[in-house]
Amino acid sequence: MNKKLYRFLFISIIIFLLFFMTGCNGVPGFKIAPNPTVNETDLYTETVYIRNCADFENEKRTPMTEKAPVIGHVILADQAIAEDTGEMVDIPLDLREKLQAEIEKEYEDVLKEKQTEVEKTDLVVPAYSIRVFDVLWKQQCSCSIVAFEMDKLTYTADYSYKLEYPTLDQTLQMACTG
């Protein structure tokens, strides 16, 4: 009896380990095409005013991420094309949400890298002054296709991962009055 129990536990553990080692993700057949097309565009300029009029001796430092955080999000096509038949079908909402979450996971490192880069930028205001910062918002768009399985067929759908982040464009310093 003990041999059967041990054998059962051993086989169960092997199956469990194989399941996790083969990359169990939430979407069957999930795969992102390599080398997405990447475009970078300027979005808009935001003006940030920081006052340091109460302190006559010390500069004031504000991390840029406090005023302008990095934002990443996925836009997935509403429809997908079956690889075998070429048929176009709507992607069910629950599957769309899972696909978007998986794509976001794939771009986690890109988001963290940009956040780290922006966190290194401080908005510095000298003692007893006002600074006006022009923050230029940029967007990096990575466009590609994602493959997944649905109803025993492989489908592909277009997606884009948009990363919006701030860069310091210009500064203007003014004296405190009064």
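## Exercises on a predicted model

At 25% relative accessibility, Leu 153 counts as partly exposed. The structure you are looking at is a predicted model, so let's work through it together.

### Exercise 1: Surroundings of Leu 153

**Task.** Find out in which strand Leu 153 lies and which residues it touches beyond its sequence neighbours.

**Solution.** 
- Start with the secondary structure: Leu 153 belongs to strand E9.
- Now list the contacts. Leaving out residues up to four places away in sequence, Leu 153 touches Asp 84 and Phe 148.
- Finally, look along the chain: Gly 29 is 124 residues from Leu 153, and their C-alpha atoms are separated by 9.6 Å.

### Exercise 2: The two sides of helix H3

**Task.** Work out what span helix H3 should have, which of its residues are buried, and which strands those residues pack against.

**Solution.** 
- Take the length first. H3 has 14 residues (93-106), and at 1.5 Å a residue it should span 20 Å. The expected span uses one less than the number of residues. The end C-alpha atoms of H3 are 20 Å apart, which agrees.
- Then pick out the buried residues of H3: Leu 95, Arg 96, Leu 99, Gln 100, Glu 102 and Ile 103. These cover an arc of only 165 degrees around the axis, so they sit on the same side of H3.
- Turn to the opposite face. Pointing away from the buried side are the exposed residues Leu 93 and Lys 105.
- Last, find the packing partners. The buried residues of H3 pack against strands E1 (31-32), E4 (71-76), E8 (129-150) and E9 (153-175).

### Exercise 3: Salt bridges

**Task.** Count the salt bridges in the whole structure, then describe the pairs formed by Lys 105, Arg 61 and Asp 42.

**Solution.** 
- A quick reminder: side chains of opposite charge can pair when their charged atoms come close.
- The search of the whole structure gives seven salt bridges.
- Begin within helix H3. Lys 105 and Glu 102 meet in a salt bridge at 3.6 Å, N to O. They are three residues apart in H3, which means that about one helical turn separates them. Glu 102 is buried, because its relative accessibility is 8%.
- Move on to Arg 61, whose partner is Asp 122, with the closest N and O atoms 3.3 Å apart. This pair links distant parts of the chain, since Arg 61 is in strand E3 (residues 60-63) and Asp 122 in strand E7 (residues 122-125), 61 residues apart. Asp 122 is partly exposed at 29% relative accessibility.
- Finish with Asp 42 and Lys 138, where the closest N and O atoms are 3.9 Å apart. Asp 42 lies in strand E2 (residues 37-52) and Lys 138 in strand E8, 96 residues apart, and the pair again links distant parts of the chain. Asp 42 is exposed, with a relative accessible area of 52%, whereas Lys 138 is buried, at 19%.
- Salt bridges that share partners join Glu 40, Asp 42 and Lys 138 into one network.

Technical notes
Residues numbered from 1 in each chain as written. Predicted model: local features only at pLDDT ≥ 70, side-chain atom pairs only at ≥ 80, totals over all residues. Heavy atoms only, no water. Helix = DSSP H or I, 4+ residues; strand = E, 2+ residues; numbered from the N terminus. Buried < 20%, exposed > 50% of the residue type's maximum accessible area, 1.4 Å probe, protein only. Arc of directions from axis to C-beta. Contact = heavy atoms within 4.5 Å. Salt bridge = Lys/Arg side-chain N within 4 Å of Asp/Glu carboxyl O.
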